[in-house]
Amino acid sequence: MNKLFILTCLAAALCFKAVAQEISIDKGWKFSTGDSAQWASPNYNDQHWKSIDVSHNWEAQGYPDYDGFGWYRLHMVIPSTLKEKAYLKDSIRINLGIIDDNDEVYLNGKLIAKYGGKRGPITTSNYGPRTYVIAAANPAILWDKENTLAVRIFDTGGDGGMYGYKHSIGMANVMDNVNINTDADYIYDDDKMGLSKTIRLITTDHYLFKGSLHFTVTDPEDNKVLFETTSNADFAAGKPFKYTFNIEKLRKKSYLLSYTFTDEQSGSTITKTENSPYLLTPYASNKPRINGADVYGARPGNPFLYLIPATGKRPLVFEATGLPAGLRLDHATGIISGAVYQKGTYPITLTVKNNQASKTKKFTIIIGDNIGLTPALGWNSWNAFGLSVNDAKVRAAAKTMAGKLSQHGWTYINIDDGWEAPQRLVDGEIMANEKFPDMRGLATYVHSLGLKMGIYSSPGPRTCGGYLGSWQHEDQDAQTYGDWGIDYLKYDWCSYSEIAPKNPGLDDMKKPYQVMRASLDKIQRDIMFSFCQYGMGDVWKWGAEVGGNSWRSTGDINDSWGSMAGIGFNQTDDGPYAQPGHFNDPDMLVVGEVGWGSSQHKTHLTPDEQYTHISLWSLLSAPLLIGCDMSRLDWFTFGLLANDEVLAIDQDALGKQAHQAFKTNDYQIWIKDLADGSKAVGLFNTSDKYQTITLNRHENDLAQYTKIRDVWQQKYVVGIWPNYITKVAPHGVVLLKLSK
Ligand code: GAL
């Protein structure tokens, strides 16, 4: 990052409604892959370049799987009226949406801003929103004349380009350095159906802000304002203004909260809106209940570890009848361990008791060749911490999982990229870096909680984060993972592109996964094998044959509706290939506090979008890998992750993936067959307005399905035959289970 050029960047500008005059630069861009110094120049003739839509990444527009350099060029007039109408006249602000991953910005041939480098150890985390502020007196700006803006991007992998919304040029405004900080947690009062929170007006400017804060609560269903209030609000650098609201009698839905500050002197305003969270998942009862999948697979002779997931008031006492020889149950913790040598299908009855009641559940252990019979439920460090993951963060995740989520079936604690030492030992053995002083000890700790531990590598010489990969050390690495007690391996293509032929064929794509499969097979341990190669070569068609328990079907997800919905609602071609032990992986969850680095933020998905995310991923039989800072798991995120009836849809033993049964521009219906003959149905509103969605049971083989259960709320609902008609919130979902 070159500080000379960047006065302010990466402000959370996307959240604000700017009031200064702006010109939109959303349209008219030309694009070329490759790289040339001439492309910065206003004299370069780009007429033969292809047009590109900057609301989407380049992969979506005819450049699938393209990584490396790409240039965007735009010709536009910057009118001096912008300056004349502005209260502050010293700088202009250029908003380029999201850049994936690194960029240099040229105005009329002069470099005016840049962020990230071509390649560095932490290149992937340079992905993000870009707002650059440059002096209005900068001679590169040609006021009232044609200007050429050229953006040179280097994409390190996965999605690439310049995309997102509201690309614009405007004058820097009084409000540019004001932040309406809404990061504090909401306090939820279940009895009063109330929410409260303290927000803060903060600035880093020397300007003294004097004005008022207007707060409104609107019901997005009918746009009625339910509550509004105005308070005087003065603040300055180091002296924020705090406002606490307390609203009650809310329904189980999201409301639009809006905060507008108006500065008296300049007349400028700044607004931030957010959608309030709401809880659908009922609290777990004090009575015991056994959760989790109905089946579990392990290989003969390998160490066996299974924690019976159960809710209910502690202490609980666990019993199991029918356990195969070699397994023992710890009656106090519910951990089943040992090893079974005899292949077979073992029907078990699990019982859990406390001082209130006793509950049993039928459970099947299958000792055979297949593991991961239901999708993995766990946590992965990447979406939260990126390369800043360390031992303490992993332990904290394990602790939260054991304390709160393992009761609902959550098991894996997976360390993504960033754990590897810079060099192997002389004999080639891989070591962890200083952030992980004792990998074996860490795995032992994770296992002591009844949980399992995962790790990450690449078949190439380097991982995507620039750390050591397993290239030519596959056997050795598998052995090391086995020695440490690793239970899950995410294997990420990354620099294997340097090893594979330039245009790899199917065999070339399979090869690195076959090699590591063979290495893992030499280890006396059940290690889940998760392919990560972003869906190349329709991996879903051959992932199972090559021995993958799951395979990523897409590039990297981020916490935006465009990314999450773009991935989730496109999981159609791969659907038929999901089966017990082998699942499509539409990437990890983006709920809770995410950040891909050393700082985290609340996911930018609205509460309804988060309900959609978890519902859709469950219908897709996707591995559910939580990607948040688990030490900051709030009540809303916990509710999303601890709904046993929702998780049961993901964990259904039939292992089928939902199919898209119906689609309009505004909504979609997805249906999944379940092992007990019932069907899970997701009614998704993909529009940004409330929709009334009708499920007609004369269609989609639903004629005999008379019982309808609202899965999130865990209660039966009625529909007037043959329809079930419901209102669904913008980007929201109603998830149903229909049975005969
Ligand atoms: C990406 C992968 C991410 C993460 C990252 C680590 O290729 O898709 O999920 O693992 O590499 O560098």
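Predicted model: local features only at pLDDT ≥ 70, side-chain atom pairs only at ≥ 80, totals over all residues.

1. Residues are numbered from 1 along each chain as its sequence is written, and side-chain values use heavy atoms, with hydrogens and water left out.

2. Around the ligand there are 13 residues, of which Asp416, Asp417, Lys490, Asp492 and Asp556 come nearest (a residue is near if one of its heavy atoms lies within 4 Å of the molecule). By class, this shell has six nonpolar, one polar and six charged residues (Ala, Val, Leu, Ile, Met, Phe, Trp, Tyr, Cys and Pro count as nonpolar, Asp, Glu, Lys and Arg as charged, and the others, Gly among them, as polar).

3. Oxygen atoms of the ligand lie 2.6 Å from a polar side-chain atom of aspartate 416, 2.8 Å from an N or O atom in the side chain of aspartate 417, and 2.8 Å from a polar side-chain atom of lysine 490. The protein covers 97% of the 310 Å² of accessible area that the ligand has on its own (Shrake-Rupley method, 1.4 Å probe).

4. Arginine 73, in strand β4 (residues 68-77), is buried, with a relative accessible area of 0% (buried means under 20%, with a 1.4 Å probe and protein chains only). The side chain of arginine 73 reaches the backbone oxygen of tryptophan 39 at 2.5 Å, and a polar contact of 2.6 Å joins the side chains of arginine 73 and aspartate 46 (a polar contact is a pair of N or O atoms within 3.5 Å, and within protein one must be able to donate a hydrogen and the other to accept it).

5. The second largest pocket has a volume of about 580 Å³ (a pocket is an open set of points on a 1 Å grid, with protein on both sides within 12 Å along at least five of seven lines, and lining residues have an atom within 4 Å of a point). Its lining has 23 residues, divided into eight nonpolar, five polar and ten charged, and α10 gives the most, with five residues.

6. There are two cavities of 30 Å³ or more (a cavity is a set of grid points where a 1.4 Å probe fits but cannot get out). The largest cavity has a volume of about 80 Å³, and its lining includes three charged residues; the second largest cavity, of about 60 Å³, is lined by seven nonpolar, five polar and no charged residues.

Conventions: Points joined across faces, edges and corners; volume = space filled by probe spheres on them. Helix = DSSP H or I, 4+ residues; strand = E, 2+ residues; numbered from the N terminus. Buried < 20%, exposed > 50% of the residue type's maximum accessible area, 1.4 Å probe, protein only.
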